[in-house]
Amino acid sequence: MPATLIDGKAIAAEVNAATAAEVAELAARGIQPGLAVVLIGDDPASQVYVNTKVRKCAELGIHSVRRVLSADATMAEVLAVVAELNADPAVHGILVQSPPPPQIDEAAIIAAIDPNKDVDCFHPVNVGKLLIGEPGGFAPCTPRGVLVLLEHCGVDPAGKHVVVVGRSNIVGKPLVALFLQKAKGANATVTCVHSATVDLAEHTRRADILVAAIGKPEYIRGDMIKPGAVVIDVGINRVRDESAPRGYRLVGDVHFEEASRVASLLTPVPGGVGPMTIAMLMRNTLQAARRNL
Ligand code: NDP
């Protein structure tokens with residue numbers, strides 16, 4: 001039987017509807033959540049991401065601020081904008097769109113963001129809280145989105161073997177931290193594999209829940225998946241396709257056709273994890289604003 005698809009768009013729409021209702025409740029109490037998005041340079045993909053975030057804010061009743069700096073902006077200029085946003089009471093969440101131009105030290109910018117406004121959960125203080133499992137801390141958007149998808153599908157990771165492919169600070173490592181927590185919706189046995197792993201497939205084939213986040217198109221083939229596993233594909237890769245209107249199509253890190261013959265549940269790309277990332281960003285902004293109650 002082919003895998004059942006996990007409809008990330010529909011689940012994200014449900015999450016967003018709940019967020020909009022909670023934003024309205026908060027606004028009635030005099031607090032409108034606000035998100036500031038800082039874009040440095042004119043990278044087209046980053047512009048698209050920023051516009052999508054700003055649009056989603058408007059849809060959900062969240063106030064948004066867009067700050068655009070030129071591609072040759074200095075560290076001092078970016079830090080000044082961050083300081084201004086840290087001090088702005090109408091702004092509860094701040095994110096600096098990644099990747100910044102090469103002259104910008106991204107880690108230093110992240111460290112300058114007020115941890116209480118760090119809705120991406122990249123600040124070392126929030127990463128530490130995530131690892132400790134401190135309640136009330138932010139969870140990073142994409143990893144949190146993965147856990148919410150599983151929850152909506154009735155998949156409880158407790159006691160299951162989760163294999164995370166990739167160890168980036170944005171996806172892989174925080175996913176490991178989330179799945180590992182002794183908490184509802186987590187409590188898994190976690191293996192993390194990466195580019196130095198010997199015989200990667202030997203590990204992925206033992207996964208009850210397999211999460212791929214490596215940025216390599218269709219890298220995870222059907223024979224690397226345990227029959228009946230739940231497969232979450234975080235990857236978003238452009239591959240050339242002359243038959244597609246834009247000359248390319250998006251594929252994940254998992255070979256979709258092969259995986260759908262082996263897995264029980266599978267996220268498509270696009271329409272799987274992607275919409276959840278923005279939905280979680282909106283929830284983190286709401287959570288940050290609630291701290292002002
Ligand atoms: P990074 O490039 O930062 O990290 C990739 C990770 O995969 C690294 O840990 C790397 O290992 C590992 N890796 C690379 N090649 C292999 C391989 N052949 N075998 C095993 N491990 C490998 O990527 P990100 O984590 O930022 O993103 C991963 C993917 O997820 C991308 O396609 C990205 O576009 C997508 N993404 C999607 C989001 C969404 O909203 N859906 C959000 C964020 C990312 P090593 O550490 O050893 O180099």
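Two strands count as paired if DSSP finds at least two bridges between them. The model is a predicted one. In it, β1 and β11, the latter made of residues 265–266, pair in the parallel sense over 2 bridges. Within this pairing, T4 stands opposite L265 of β11.

The pair belongs to an open sheet of 6 strands, whose order is β1-β11-β8-β7-β5-β6 and whose pairing is parallel. Its edges are formed by β1 (4–5) and β6 (189–193), each of which pairs on one side only.

P99 belongs to the loop between β4 and α4.

Rolling a probe the size of a water molecule over the atoms shows where empty space is left. The structure holds 1 cavity of 30 Å³ or more, and the volume of the largest cavity is about 90 Å³. Which residues line the largest cavity? The lining consists of I40, I94, V96, P100, I104, E106, I109, I110, I113, D118, D120 and F122. Elements that give two or more residues to this lining are β4 (93–96) and α4 (106–112). The largest share, 3 residues, comes from α4. By residue class the lining of the largest cavity divides into 9 nonpolar, no polar and 3 charged residues.

C121 lies in the loop between α4 and α5 (124–132). Its phi is positive, about 60°, although C121 is not a glycine. Is C121 buried or exposed? Its relative accessible area is 3%; since buried means under 20%, C121 is therefore buried.

D199 also has a positive phi without being a glycine, with a value of about 50°. This residue is placed in the loop between β6 and α8 (200–204), where β6 is one of the edge strands of the sheet. The relative accessibility of D199 is 44%.

Turning to open spaces, the second largest pocket has a volume of about 670 Å³. How many residues line the second largest pocket? There are 27, of which R144, L147, L178, A183 and K184 lie nearest its centre. The elements contributing two or more residues to this lining are α5, α6 (141–152) and α10. Of these, α6 gives the most, with 5 residues. The lining of the second largest pocket comprises 12 nonpolar, 8 polar and 7 charged residues.

Aromatic rings are the last topic. With ring centres required to lie within 6.5 Å of each other, the count of aromatic pairs comes to 0. Charges do sit over rings, however. R238 lies over the face of Y248, at 4.2 Å from the ring centre. Likewise, R291 is placed over the face of F138, and here the distance to the ring centre is 4.4 Å.

Terms used
Residues are numbered from 1 along each chain as its sequence is written. This is a predicted model: local features need pLDDT of at least 70, side-chain atom pairs count only at pLDDT 80 or more; totals for chains, interfaces and linings use all residues. Side-chain values use heavy atoms; hydrogens and water are left out. Rings of Phe, Tyr and Trp (its six-membered ring) pair if their centres lie within 6.5 Å; planes under 30 degrees apart count as stacked, over 60 as edge-to-face and the rest as tilted. A charge sits over a ring if NZ of Lys or CZ of Arg is within 6 Å of the ring centre and within 35 degrees of the ring normal. Helices (H or I, at least four residues) and strands (E, at least two) are DSSP runs, numbered from the N terminus. On a 1 Å grid over the protein atoms alone, a cavity is a set of points where a 1.4 Å probe fits but cannot get out, and a pocket is an open set with protein on both sides within 12 Å along at least five of seven lines; lining residues have an atom within 4 Å of a point. Grid points are joined across faces, edges and corners, and a volume is the space filled by probe spheres set on the points. Ala, Val, Leu, Ile, Met, Phe, Trp, Tyr, Cys and Pro count as nonpolar, Asp, Glu, Lys and Arg as charged, and the others, Gly among them, as polar. Buried means under 20% relative accessible area, exposed over 50%, partly exposed in between (1.4 Å probe, protein chains only).
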